Structures are given as structure tokens and as C-alpha cells.
Amino acid sequence: MVDLRSRTKRGKKPSFGWLTLIPALVGHRITYLLAGAMTAVVYYILLGLALMVAENAVPYLVLVVVSHFVTVVIVYPGYRLLVFRIPGDSWISGYLRFYLVGLGFLGTSLGGLPILVEVAGMPLMLAQGLIILASPPLSYLIHRKWTFRAA
């Protein structure tokens with residue numbers, strides 16, 4: 001259970017807005033799960049839009065790569081500032097490490113999707129969802145120990 005104590009002065013009415021939840025979310029694992037969920041939503045929206053716009057004119061694996069790249073650019077600041085809170089270290093070198101880890105998981109998608117979609121006959125978005133669900137524990141460890149390591 002999470003203890004949320006009010007930091008208001010006596011006689012003032014306590015506020016229970018979004019800022020009250022921040023102390024409850026300071027643990028890396030919880031904020032990482034929230035960031036991962038946000039990342040999956042951003043990725044799914046981008047991939048879904050790309051699939052609708054392309055209308056089978058572009059191979060789905062190309063759309064996966066483009067959606068992945070755009071997602072990483074969008075979500076990196078959140079991981080750096082909110083999840084791992086790493087001061088100092090260069091944003092560019094941190095981004096390159098973040099993207100390198102992402103490339104490993106992108107490789108998993110590029111290898112697994114054709115098997116699940118073309119061989120097993122699974123819908124693309126469902127297949128991608130299964131692959132994404134398998135990655136959080138490993139990606140958390142890699143990001144915590146290497147990508148966002150303390151200098």
C-alpha cells in the first residue's frame with residue numbers, strides 16, 4: 001500500500017491532483033512500466049496510422065522500422081527525465097545507447113513478425129503485441145544497468 005501524505009500547511013485544503021501521485025510513482029519499476037505502456041501506445045498509434053496510410057504499398061516491416069525510430073525519438077526524454085532521472089551525461093550519448101538497445105528489440109520484431117504473421121497467420125498488430133509483451137523485463141535490466149547507468 002502507498003502512503004500519500006499531504007504536504008500542505010495547517011488550515012489549507014489538501015490537493016489530490018496529479019502531483020500527489022508523483023511520490024507514489026518514484027520507483028523505477030513502476031515508472032518504467034508506465035513509460036513502457038506509453039511507449040507501446042505511441043508505437044501502436046504510429047504503426048496503425050502508417051499501415052492505414054500505406055495501404056499495402058509499403059512492406060509492413062519497413063513501417064515497423066519507421067514507427068520504431070519515430071517512437072524512440074518521442075519517448076527518450078521521458079525515460080531520461082522521469083524514469084531513470086540521470087543528470088549530467090550527454091543526451092546524445094544516452095540517446096545512442098537507448099537506441100542501440102531498441103535496435104536489439106527491433107531485430108526481435110523483424111525476426112519474429114514474419115514467423116507469426118506469415119507462417120502462423122496471426123494479425124500483424126496482435127503478433128507485435130505478443131513480441132512487445134515478452135520484452136519489458138530484459139529491457140528494464142539493460143536500460144538500468146547500461147543505458148541509464150550512473151556516470
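Are Tyr-76 and Tyr-95 buried or exposed? In this predicted model, both residues are buried. The views below show their surroundings.

**View 1. Packing of helix 3 against helix 4.** Helix 3 spans residues 60-83 and helix 4 spans residues 91-119. Their axes come within 9 Å and cross at roughly 145°. The crossing of helix 3 past helix 4 is right-handed. At this contact, the residues comprise 22 nonpolar, four polar and two charged.

**View 2. The aromatic cluster.** Ring pairs join Phe-69, Tyr-76, Tyr-79, Trp-91, Tyr-95, Phe-98 and Tyr-99 into a cluster. With ring centres required to lie within 6.5 Å, the count comes to seven aromatic pairs.

**View 3. The pair of Tyr-76 and Tyr-95.** These two rings form an edge-to-face pair, with 5.5 Å from centre to centre and 80° between the planes. Tyr-76 belongs to helix 3 and Tyr-95 to helix 4; the pair thus links distant parts of the chain, 19 residues apart. Both Tyr-76 and Tyr-95 are buried.

**View 4. The pair of Tyr-79 and Phe-98.** The ring centres of Tyr-79 and Phe-98 are 5.1 Å apart and the planes stand at 50°, so the pair is tilted. This pair also links distant parts of the chain, with Tyr-79 in helix 3 and Phe-98 in helix 4, 19 residues apart. Tyr-79 has a relative accessible area of 6% and is therefore buried. Phe-98, with a relative accessible area of 5%, is likewise buried. Both assignments rest on the cut-off for burial, under 20% relative accessible area.

Conventions
Residues numbered from 1 in each chain as written. Predicted model: local features only at pLDDT ≥ 70, side-chain atom pairs only at ≥ 80, totals over all residues. Heavy atoms only, no water. Axes fitted to C-alpha atoms, helices over the stretch in contact; angles between N-to-C directions. Helix = DSSP H or I, 4+ residues; strand = E, 2+ residues; numbered from the N terminus. Left-handed = near helix turned anticlockwise from the far one by under 90°. Nonpolar A, V, L, I, M, F, W, Y, C, P; charged D, E, K, R; others polar. Phe/Tyr/Trp six-rings, centres within 6.5 Å; stacked < 30°, edge-to-face > 60°. Buried < 20%, exposed > 50% of the residue type's maximum accessible area, 1.4 Å probe, protein only.
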